[in-house]
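Keep the structure in view as you read.

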Amino acid sequence: MALGFIKKVFSFGKEKPAEESKASDALTADDKASIEAELEPHSREEDLPVSPVDPVAPVEMETAGGPADDAAEVDEPVLLASTEMPGELGVVPLSLLEAEAEAESSDGDQSPPPSVLPDISPSRGEIDSLRNDHPLVDVADAEPRLQVGGSSPKQDVGQYRSSESISPLEGEMSGRTEGGKVTTSTEPVLPKGFATRKEAAPVEAAPEVKLSWFQRLREGLSRTSAQLTGQIAALFTKRKLDEATLEELEDLLIQADLGVETAMRITDTLSSERYGKDVTGDDVSRIMASEITKVLKPVAKPLELDLSHKPHVILVVGVNGTGKTTTIGKLAAKLSGSGLKVMLAAGDTFRAAAIEQLKIWADRTGSEFIGTKLGADAAGLAYDAFEQAKAKKCDVLIIDTAGRLQNKAELMAELEKIVRVLSKLDPDAPHTVLQTLDATTGQNAMNQVEIFRNVAGVSGLIMTKLDGTARGGILVAIAAKHKLPVYFIGVGEGIDDLEPFEAEDFASAIAGVSH
Ligand SMILES: Nc1nc2c(ncn2[C@@H]2O[C@H](COP(=O)(O)OP(=O)(O)OP(=O)(O)O)[C@@H](O)[C@H]2O)c(=O)[nH]1
């Protein structure tokens with residue numbers, strides 16, 4: 001296609017018609033040389049001057065020609081394309097170009113108005129000579145490269161884009177000549193020395209992988225297990241099993257909160273199997289997992305519901321912050337998810353946020369909700385809840401309670417009263433007293449079980465936050481001492497992050513072995 005014209009466009013500034021180059025004539029030869037030298041490096045797109053963004057066409061302008069002053073610098077083989085195509089195929093009507101050329105030739109002032117692209121618009125003479133030189137090529141053919149970004153050439157929207165930002169569609173629209181023939185191609189044909197920059201494929205964010213509950217349990221207990229297995233491995237490096245190593249091992253196991261009873265079970269078994277022989281850390285871990293499983297298996301029980309009660313009343317107790325409210329929400333989700341009608345009662349009347357939090361869980365799980373005002377009598381609320389749950393034929397009523405151990409006497413009195421009131425309505429109520437234990441608290445959990453067991457007659461446990469930096473060893477000690485059922489474990493804050501307690505899983509996570 002109009003190669004002559006393209007050449008002209010590319011060599012703009014070097015072969016200006018006399019009338020167009022008057023402004024630059026004012027420059028000295030030295031000035032010109034320095035300008036040319038300065039222009040030379042602008043062979044890369046990023047070096048081109050950037051114009052203000054066109055509000056009419058706020059599109060992917062990679063390179064834009066500035067107003068007329070800057071235009072003199074665009075002495076580059078930059079292909080031009082329209083961002084907004086006036087008229088058919090975005091071609092500037094010939095009449096406009098002619099009018100522009102006329103205006104230029106008649107205008108005494110040689111510095112063109114900034115809104116026009118005088119530096120690259122062909123003059124009338126150029127257009128005519130283009131016609132004569134290439135009779136088969138319509139002038140319009142050349143013009144998609146010569147664009148004013150609006151319908152009027154007077155608009156200050158001289159958007160120049162490098163060929164790299166010309167879309168394939170535009171490339172297709174802008175026919176070109178090859179060997180004198182008009183061709184169309186989807187890719188813009190670039191001059192030698194140029195290459196189309198391919199857009200880098202967007203980097204896909206790695207999908208967030210949610211760990212399985214067992215992985216979270218393992219991770220939560222990894223501190224306990226890593227510390228323990230590391231110490232055990234160090235203890236048994238190139239040592240035969242003797243009294244001293246057994247004693248040291250027992251100490252390590254007790255420090256890991258497993259309790260004296262379980263620690264002795266492990267050392268006894270190890271001693272009977274390997275006394276006087278070489279022992280590796282793996283041997284100890286395997287025996288440890290097996291002995292812990294034996295301690296936990298009897299307490300890993302499902303939470304039994306007696307649905308003949310309607311409602312089966314579950315009273316949830318525990319120190320504040322151990323996860324009572326969250327666990328109630330998770331339980332409600334499981335129960336209502338299996339079609340049971342559940343009511344949640346906000347018996348922690350000391351904390352407005354606790355009431356609000358339980359209400360949110362009730363809404364989330366489609367459970368009935370009953371609450372009272374802040375500071376109201378919790379036992380009264382428990383009574384009302386029981387009556388209402390009966391009236392509404394709820395299958396399960398779960399009652400939240402306050403857990404401020406710092407006021408132990410008051411707490412004991414309140415819990416005792418709740419239990420007493422409930423048993424007036426049903427001698428077996430509450431049918432389950434669940435205590436939540438925070439796995440990150442370690443040894444303190446043992447004391448908590450003792451206190452709440454005496455006050456509220458705890459009948460089963462749920463250990464929460466086993467996904468955190470848990471110190472799960474204490475559950476083994478509690479199981480060995482209290483033999484209370486452990487129903488579930490909390491492995492996250494989400495509604496589904498409550499798993500039935502499995503002795504083997506827990507034991508192997510603590511011992512750091514796979515099973
Ligand atoms: N990571 C983790 N966080 C938990 C788990 N269970 C509860 N939590 C968080 O522990 C915090 C305390 O939980 P709550 O349910 O409010 O505890 P609470 O015993 O009802 O506390 P009070 O209302 O103050 O008596 C909240 O931020 C819970 O999201 C769990 O299994 N894993």
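Helix 19 covers residues 503–511, and seven of its nine residues are buried, so the rest of the structure largely encloses it. Bear in mind that this is a predicted model. The buried residues of helix 19 are Asp505, Phe506, Ala507, Ser508, Ala509, Ile510 and Ala511. What do they pack against? Their partners are helix 9 (213–235), helix 12 (281–296) and helix 18 (473–482). Just after helix 19 comes Gly512, with a positive phi of about 70 degrees.

Now turn to strand 7, residues 432–438. Seven of its seven residues are buried, so this strand too is largely enclosed by the rest of the structure. In a regular strand, side chains alternate between the two faces of the sheet. Look along strand 7 with that in mind. Thr432, Leu434, Thr436 and Asp438 point one way, while Val433, Gln435 and Leu437 point the other way. All of them are buried.

Which strands pair with strand 7? One is strand 3 (residues 312–317), which runs parallel to strand 7 and is joined to it by four bridges. Within this pairing, Leu315 has Val433 as its bridge partner. Another is strand 8 (residues 460–464), also paired in the parallel sense, over five bridges.

Next, find the largest nonpolar core. It has 95 residues. Which of them touch the most other members? They are Leu344, Ala345, Ala382, Ala385, Leu397 and Ile398. Take Ile398 as an example. Leaving out residues up to four places away in sequence, Ile398 touches Ile314, Val316, Ile328, Leu331, Ala332, Val342 and Leu344.

The ligand is the next stop. How many residues surround it? The count is 21, and the closest are Asn320, Gly323, Thr325, Thr326 and Gly490. Helix 13 (residues 324–337) gives the most to this shell, with three residues. By class, the shell has 12 polar, seven charged and two nonpolar residues.

Then look at Ser212. It sits in the loop between strand 2 (181–183) and helix 9. Is Ser212 buried or exposed? Ser212 has 11, so it counts as exposed. Along the chain, Ser212 and Val491 are 279 residues apart, yet their C-alpha atoms are separated by 9.5 Å.

Step back to the whole protein. Its secondary structure comes to 19 helices and 10 strands. Of its 515 residues, 41% count as buried. Consider the contacts with a separation of 6 or more: 76% of them join residues 24 or more positions apart.

How far can you trust the picture? The predictor gives the complex an ipTM of 0.96 and a pTM of 0.62. The protein averages a pLDDT of 72, and 61% of the residues score at least 70. Where pLDDT is low, the predicted coordinates should not be read in detail.

Conventions
Residues numbered from 1 in each chain as written. Predicted model: local features only at pLDDT ≥ 70, side-chain atom pairs only at ≥ 80, totals over all residues. Buried ≥ 20, exposed ≤ 12 C-beta atoms within 10 Å, placed from the backbone. Helix = DSSP H or I, 4+ residues; strand = E, 2+ residues; numbered from the N terminus. Contact = placed C-beta atoms within 7 Å. Core = buried A, V, L, I, M, F, W, Y, C linked by C-beta atoms within 7 Å. Near = placed C-beta within 6 Å. Nonpolar A, V, L, I, M, F, W, Y, C, P; charged D, E, K, R; others polar. pLDDT = per-residue confidence, 0-100. Pairing = 2+ DSSP bridges.
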